[in-house]
Amino acid sequence: MYNYLDFEKPVADLEGKILELKKLNESGEAVDVADEIARLEKRAADALKDAYRALTPWQKTQVARHPDRPHCLDYVKRLFTDFTALAGDRSFGEDNAIIGGFARFNGQPVAVLGQEKGADTKSRLKHNFGSARPEGYRKAVRIMKLADRFNVPLVTLVDTAGAYPGVGAEERGQAEAIARSISASLALRVPVVSVVIGEGGSGGAIAIATANKVYMLEHSIYSVISPEGAASILWHDSTRAKDAATSMKITAQNLLEMKIIDGIIQEPMGGAHRGPEAVIEATGKQIATALEEMAGADMDCREHRREKFLAIGRSV
């Protein structure tokens with residue numbers, strides 16, 4: 001059984017009935033119900049299609065935050081081989097919210113960075129729900145500089161509600177650490193490919209998403225602030241998050257139209273959590289295509305990145 005979102009209630013009811021019938025069928029306490037199960041499965045599939053046919057920005061936000069959605073480490077395990085994680089910022093300490101290191105992607109050496117939210121209570125606490133502290137971004141800068149030194153492409157996987165806003169993080173220079181991470185990414189001479197796999201929240205996301213190619217999963221979001229935060233600032237009412245999500249244009253479709261991102265990676269019907277293997281494979285193919293295009297273009301990656309970000313907003 002899945003963790004169902006509010007708008008998925010019709011699907012939840014039908015799939016709950018299917019599960020009950022299957023249990024009865026397995027226990028031998030009921031007559032043959034195969035036909036009824038098949039009928040309900042078709043109705044559930046149709047209900048799922050209806051629910052996902054035209055999601056609102058707020059509904060997409062809920063899907064992007066789904067707890068069962070594949071996270072950074074799921075992508076690293078499936079897409080990369082010989083992954084060697086690096087720890088620490090050589091200044092303060094280690095931050096498990098950001099995963100980083102070196103690996104091979106389709107046999108090619110690459111550097112990998114990503115935000116890990118965790119899959120259960122223990123891992124979520126360990127990774128601080130994907131919200132990095134300054135030492136996390138300083139670790140990211142260290143890995144970026146190593147990638148540049150060894151001339152290997154950088155792949156980043158973005159999934160964070162935003163940088164950690166705690167007092168300790170601010171005391172250790174959160175804003176400065178994010179700014180240096182953005183600056184370091186802009187200065188890289190190697191290709192950088194970034195994929196927003198869930199939430200792309202605020203400077204915490206762009207710190208590792210200042211890339212030559214930026215892609216988003218179909219139901220991911222990318223914004224300067226969370227809908228709840230925007231509603232609190234604009235209307236002093238966080239319950240108006242739905243209105244903020246609509247006004248802020250945070251969906252992949254909105255951002256592709258505004259030419260802020262370079263493409264959208266399709267998700268299985270019902271979201272990435274209903275077909276993690278398929279969405280991870282599709283993401284890998286998109287990353288491979290992007291790296292091949294940039295390798296064949298013989299381009300100046302720094303100049304390409306500069307022009308990409310300067311062009312944002314010119315035609316809007």
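Start by selecting Phe7 and Tyr52, both of them buried (buried is under 20% relative accessible area, exposed over 50%, partly exposed in between, with a 1.4 Å probe and protein chains only). Before you click on, know that this is a predicted model, where local features need pLDDT of at least 70 and side-chain atom pairs count only at pLDDT 80 or more, while totals for chains, interfaces and linings use all residues. Residues are numbered from 1 along each chain as its sequence is written, and side-chain values use heavy atoms, leaving out hydrogens and water.

**Aromatic pairs**

The structure has two aromatic pairs. Rings of Phe, Tyr and Trp (its six-membered ring) pair if their centres lie within 6.5 Å, and planes under 30 degrees apart count as stacked, over 60 as edge-to-face and the rest as tilted. You are already on one of them: the ring centres of Phe7 and Tyr52 are 5.6 Å apart and the planes stand at 65°, so this pair is edge-to-face. Phe7 lies in the segment before α1 (9–27) and Tyr52 in helix α2 (residues 34–52), so the pair ties together parts 45 residues apart in sequence. Helices (H or I, at least four residues) and strands (E, at least two) are DSSP runs, numbered from the N terminus.

Now select Phe80 and Phe105. Their ring centres are 5.5 Å apart with planes at 45°, so this pair is tilted. It links distant parts of the chain, with Phe80 in the loop between α4 (72–79) and β1 (81–85) and Phe105 in strand β2 (residues 98–105), 25 residues apart. Phe80 is buried at 5% relative accessible area, and Phe105 is buried too, at 3%.

**Charges over rings**

A charge sits over a ring if NZ of Lys or CZ of Arg is within 6 Å of the ring centre and within 35 degrees of the ring normal. Pick Arg172 and Phe92: the charged end of Arg172 sits over the Phe92 ring, 4.3 Å from its centre. Then jump to Arg240, whose charged end sits over the ring of Trp235, 4.1 Å from its centre.

**Two crossing helices**

At what angle do α10 and α11 pack? Show helix α10 (residues 227–235) and helix α11 (residues 241–248): the angle is about 100°, with the axes 8 Å apart. Here axes are lines fitted to C-alpha atoms, for helices over the stretch in contact, and angles run from 0 to 180 degrees between N-to-C directions. That makes α10 roughly perpendicular to α11 (65 to 115 degrees). Among the residues that meet are Trp235 in α10 and Met248 in α11; contact means heavy atoms within 4.5 Å.

**An enclosed helix**

Next, colour α3 (57–64). Eight of its eight residues are buried, so α3 is largely enclosed by the rest of the structure. Trp58 and Val63 are among them. What do the buried residues of α3 pack against? They pack against α2, β5 (192–201), β7 (221–223), α10, α11 and α12 (252–257).

**Last two stops**

Select Arg53, in the loop between α2 and α3. Arg53 is exposed, with a relative accessible area of 62%. Its C-alpha atom is 9.3 Å from that of Met269, 216 residues away along the chain.

Finish at Leu21 in helix α1, which is buried at 16% relative accessibility. Leaving aside residues up to four places away in sequence, Leu21 touches Val33, Glu36, Ile37 and Leu40. The C-alpha atoms of Leu21 and Leu40 are separated by 10.0 Å.

Notes: Angles under 35 degrees count as roughly parallel, over 145 as roughly antiparallel, 65 to 115 as roughly perpendicular and the rest as oblique.
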